Amino acid sequence: MTIKEYMTQNHKECDEILAQLENAVENNNWNKAIELNEKFKNETLKHFDIEENYLFPMFDEKASTGGCGPTQVMKMEHEQARTVFPKIEESIKEKDSDRFFGLSESLMILIQQHNSKEEQMLYTMIQNLFNDENETIIEALKNYEFN
Ligand SMILES: [Fe+2]
Ligand SMILES: [Fe+2]
């Protein structure tokens with residue numbers, strides 16, 4: 001498996017949990033929604049953390065971006081997504097499905113656009129730069145600890 005495939009797979013896993021969460025809300029299964037929302041939030045924040053604290057710094061160093069360029073834009077978009085999580089949590093607590101779907105739809109669009117930029121551009125650049133270290137990096141990604 002390549003780094004690009006691993007990270008793309010992780011995007012899909014997060015998308016899948018969000019779809020399950022939307023289903024739970026659709027069915028007024030609020031306990032399930034609380035559980036899935038936690039799972040979605042944790043998986044997504046872990047993914048962001050891997051990028052911000054492992055993959056992006058590695059890329060910035062090797063590509064000599066000086067911390068500017070594509071990773072900076074990606075980090076800004078992570079921040080945008082992070083601001084939505086507490087609102088989604090609130091809407092679930094209030095069992096307000098209209099508010100929930102408004103928020104989840106806009107988050108989904110944001111994440112989809114974000115992920116496709118990573119998959120088409122950034123991950124491809126990372127793969128090219130670190131192809132020789134692929135196995136080591138995959139191991140590090142699998143064992144990544146997020147607190
Ligand atoms: Fe990202
Ligand atoms: Fe990503």
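A helix here is a DSSP run of H or I covering at least four residues, and helices are numbered from the N terminus. By that rule, E79 belongs to helix α3. Welcome to this predicted model!

**Helix α3 against helix α4**

- Helix α3 takes in residues 70-93 and helix α4 takes in residues 97-130; their axes come within 10 Å and cross at roughly 160°.
- Angles over 145 degrees count as roughly antiparallel, so α3 is roughly antiparallel to α4.
- The crossing in which α3 passes α4 is left-handed.
- From α3, the contact uses P70, M74, E77, Q80, A81, V84, K87, I88, S91 and I92.
- From α4, the residues taking part are R99, F100, L103, S104, L107, L110, I111, H114, E118, M121 and L122.
- If you sort the residues of this contact by type, you find 13 nonpolar, four polar and four charged.

**Helix α1 against helix α4**

- The axes of α1 and α4 are 9 Å apart, and the two helices pack at an angle of about 175°.
- That angle makes α1 and α4 roughly antiparallel to each other, because the cut-off for this label is over 145 degrees.
- On the α1 side, the residues that meet α4 are I3, K4, M7, T8, H11, L18, E22 and V25.
- Their partners in α4 are S97, F100, S104, M108, N115, E119, Y123, T124, I126, Q127 and F130.
- This contact of α1 with α4 divides into nine nonpolar, seven polar and three charged residues.

**A closer look at helix α1**

- How far apart are the end C-alpha atoms of α1? They are 35 Å apart, which agrees with the 34 Å that its 24 residues should span at 1.5 Å a residue.
- The buried residues in α1 are I3, M7, L18, L21 and V25.
- Among the elements that cover these buried residues are α2 (30-62), α4 and α5 (134-142).

**Loop residues to look up**

- Most residues other than glycine have a negative phi.
- N28 is not a glycine, yet its phi is positive, at about 55°.
- K95 is not a glycine either, and its positive phi is about 50°.
- K95 sits in the loop between α3 and α4, and with 12 C-beta neighbours inside 10 Å it counts as exposed.
- D96 is found in the loop between α3 and α4.
- Having 14 other C-beta atoms within 10 Å, D96 is partly exposed.

- D96 and E51 are 45 residues apart along the chain, and 32 Å separates their C-alpha atoms.
- E79 and F48 are 31 residues apart along the chain, with their C-alpha atoms separated by 9.4 Å.
- E79 itself, in helix α3, is exposed because it has 11 other C-beta atoms within 10 Å.

Notes:
Residues are numbered from 1 along each chain as its sequence is written. Chains are lettered from A and ligands numbered from 1 in the order in which they are written. This is a predicted model: local features need pLDDT of at least 70, side-chain atom pairs count only at pLDDT 80 or more; totals for chains, interfaces and linings use all residues. Axes are lines fitted to C-alpha atoms, for helices over the stretch in contact, and angles run from 0 to 180 degrees between N-to-C directions. Angles under 35 degrees count as roughly parallel, over 145 as roughly antiparallel, 65 to 115 as roughly perpendicular and the rest as oblique. A crossing is left-handed if the near helix is turned anticlockwise from the far one by less than a right angle, and right-handed if clockwise. Two residues are in contact if their C-beta atoms, placed from the backbone, lie within 7 Å. Ala, Val, Leu, Ile, Met, Phe, Trp, Tyr, Cys and Pro count as nonpolar, Asp, Glu, Lys and Arg as charged, and the others, Gly among them, as polar. The expected span of a helix is 1.5 Å times one less than its number of residues. A residue is buried if 20 or more other C-beta atoms lie within 10 Å of its own, exposed if 12 or fewer, and partly exposed in between; C-beta atoms are placed from the backbone.
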